Amino acid sequence: MVVPLNYLKQGRKAIVVWIALPGDCEPLLSLWGIEPDALITCVYKHKGDGMSAYKIRHVVVALRADDSSKILVKLLDPL
């Protein structure tokens with residue numbers, strides 16, 4: 001199932017499928033390892049619409065819910 005990254009619950013893993021953020025964000029996301037086919041794990045989920053932390057490779061990145069909703073991922077385990 002493909003869902004926005006902000007749907008990923010803490011401790012769950014997914015594979016990045018598509019990024020719908022503006023092109024000027026692409027170099028920074030790529031630097032962090034957020035690109036198609038990357039494995040991503042939610043390591044901290046803020047209650048509500050705050051920031052959540054995601055581990056990609058050996059980097060932990062905090063993203064706002066608005067930004068993470070524009071990154072589509074394929075779940076590796078059920079919601």
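Two strands count as paired where DSSP finds at least two bridges between them. Strand 4 and strand 5 meet this with six bridges, and they run antiparallel. The legends below describe a predicted model.

Figure 1. Six bridges join strand 4 to strand 5 in the antiparallel sense. Strand 4 covers 51–56 and strand 5 covers 59–64. K55 stands opposite V60 in strand 5. Two residues lie between the strands of this hairpin. In the hairpin, R57 takes a positive phi near 55°. R57 is exposed, because its relative accessible area is 55% and the cut-off is over 50%.

Figure 2. The protein chain holds two helices and six strands. From the N terminus on, the order of elements is β-β-α-β-β-β-α-β. The radius of gyration is 11 Å, close to the 12 Å that the globule rule gives for 79 residues, so the chain is as compact as a globular protein of that length. Along its principal axes, the C-alpha trace spans about 30 × 25 × 25 Å. Of the 79 residues, 33% are buried. How much of the contact set with a separation of 6 or more comes from residues 24 or more positions apart? Such residues account for 61% of those contacts.

**Figure 3. Strand 3 beside strand 4.** Five bridges pair strand 3 with strand 4, again in the antiparallel sense. Strand 3 spans 39–45. I40 stands opposite I56 in strand 4. T41 is buried at 15% relative accessibility, because the cut-off for burial is under 20%. C42 is buried as well, with a relative accessible area of 1%.

Figure 4. Neighbours within four places in sequence are left aside here. T41 is in contact with G11, R12, K13, A53, Y54 and K55. C42 is in contact with L8, K9, Q10, G11, R12, A53 and Y54.

**Figure 5. The largest nonpolar core.** In soluble globular proteins, nonpolar side chains tend to be buried together. The largest nonpolar core of this model has 18 residues. Those with the most contacts inside it are L5, I40, Y54, I56, L63, I71 and V73. Strand 2 (13–19), strand 3, strand 4, strand 5 and strand 6 (71–75) each give two or more residues to this core. Which strand gives the largest share? Strand 6 does, with three residues.

**Figure 6. I40 and its surroundings.** I40 is among the residues with the most contacts inside the largest core. Beyond four places in sequence, I40 touches L5, L8, R12, K13, A14, V16, Y54, K55, I56 and V73. This list includes I56, the residue opposite I40 in strand 4.

**Figure 7. The salt bridge of E35 and R57.** How many salt bridges does the structure hold? There are three. In one of them, E35 joins R57, with the closest N and O atoms 3.0 Å apart. E35 lies in the loop between helix 1 (26–32) and strand 3, and R57 in the loop between strand 4 and strand 5, so the pair ties together parts that are 22 residues apart in sequence. E35 is partly exposed, at 26% relative accessibility. R57 is exposed, at 55%.

Figure 8. R64 and D67 meet through their side chains in a salt bridge, 3.0 Å from N to O. K70 forms a salt bridge with D66. There, the closest N and O atoms are 3.2 Å apart. K70 is partly exposed, with a relative accessible area of 29%.

Terms used: Residues are numbered from 1 along each chain as its sequence is written. This is a predicted model: local features need pLDDT of at least 70, side-chain atom pairs count only at pLDDT 80 or more; totals for chains, interfaces and linings use all residues. Side-chain values use heavy atoms; hydrogens and water are left out. A nonpolar core is a set of buried Ala, Val, Leu, Ile, Met, Phe, Trp, Tyr and Cys residues joined through side-chain atoms within 4.5 Å. Buried means under 20% relative accessible area, exposed over 50%, partly exposed in between (1.4 Å probe, protein chains only). Helices (H or I, at least four residues) and strands (E, at least two) are DSSP runs, numbered from the N terminus. Contact means heavy atoms within 4.5 Å. A salt bridge is a side-chain nitrogen of Lys or Arg within 4 Å of a carboxyl oxygen of Asp or Glu. The radius of gyration is taken over C-alpha atoms; the globule rule is 2.2 Å times the number of residues to the power 0.38.
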